[in-house]
Amino acid sequence: MNPADYIANHAETQGREALANARATMERALAELDHYIARYEEVEDLKDKANVLNWTLNHLATYVAGNVRLDLIAGAQAELIRVDARR
């Protein structure tokens, strides 16, 4: 394998890993969302239902956005474009 092939392979691996990380984060977020759905169905008081919705919003806004690592996906994309331009 020549150096250019090694660099291209590394760039592809980074992209694959970034996508796998995003998928794992989304799977964990879906599992947590299922927990909130179950909790929503369990509670009877409207205020409690509103609280569950608030917890859900907080989880989606903070956990997913913070852990899906869009920066890794964007970095891998840029690296693939840079490597392709060198070929």
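Reader: Which residues of helix 2 are buried?

Author: This is a predicted model, and the reply is read from its coordinates. A residue counts as buried when its relative accessible area is under 20%. In helix 2, the residues in that class are K49, V52, T56, H59 and V64.

Reader: Against which element do the buried residues of helix 2 pack?

Author: Packing is judged here by contact, with heavy atoms within 4.5 Å. For the buried residues of helix 2, the partner is helix 1.

Reader: Is T56 buried or exposed, and what is its relative accessible area?

Author: T56 has its place in helix 2. Leaving aside residues up to four places away in sequence, T56 touches L33 and Y36. Y36 is itself one of the buried residues of helix 1. T56 is buried, because its relative accessible area is 12%.

Reader: How far is a polar atom of the side chain of T56 from the backbone oxygen of V52?

Author: Both V52 and T56 are among the buried residues of helix 2. A polar contact requires N or O atoms within 3.5 Å. The backbone oxygen of V52 and the polar side-chain atom of T56 are separated by 2.8 Å.

Reader: Against which helices do the buried residues of helix 1 pack?

Author: The buried residues of helix 1 are A8, A11, G15, A18, A22, T25, A29 and Y36. An α-helix has 3.6 residues a turn, so residues three or four places apart point the same way. The buried residues of helix 1 pack against helix 2 and helix 3.

Reader: Which residue caps the N-terminal end of helix 1?

Author: The cap is made by a side-chain oxygen that lies 3.0 Å from the backbone nitrogen of A4. That oxygen belongs to N2.

Reader: Which residues make the nonpolar surface patch of about 370 Å²?

Author: One member, M1, lies in the segment before helix 1. M1 counts as exposed because its relative accessibility is 73%. The patch is made by M1, Y6 and I7.

Reader: How far apart are the closest N and O atoms of R23 and E27?

Author: R23 and E27 both lie in helix 1, 4 residues apart, about one turn of the helix. R23 counts as exposed at 58% relative accessibility, while E27 counts as partly exposed at 43%. They form a salt bridge, and the closest N and O atoms are separated by 3.1 Å.

Reader: Is E79 buried or exposed, and at what relative accessibility?

Author: E79 forms a salt bridge with R82, with the closest N and O atoms 2.4 Å apart. Both residues lie in helix 3, and R82 is partly exposed, with a relative accessible area of 35%. The cut-off for buried is under 20%. E79 counts as buried because its relative accessibility is 19%.

Notes: Residues numbered from 1 in each chain as written. Predicted model: local features only at pLDDT ≥ 70, side-chain atom pairs only at ≥ 80, totals over all residues. Heavy atoms only, no water. Patch = residues over 30% accessible without salt bridge, like charges linked within 9 Å, V, L, I, M, F, W, Y side chains within 5 Å. Areas by Shrake-Rupley, 256 points an atom, 1.4 Å probe, with all protein chains shown as cover. Salt bridge = Lys/Arg side-chain N within 4 Å of Asp/Glu carboxyl O. Helix = DSSP H or I, 4+ residues; strand = E, 2+ residues; numbered from the N terminus. Buried < 20%, exposed > 50% of the residue type's maximum accessible area, 1.4 Å probe, protein only. Polar contact = N/O pair within 3.5 Å; in protein donor to acceptor, adjacent residues only side chain to side chain.
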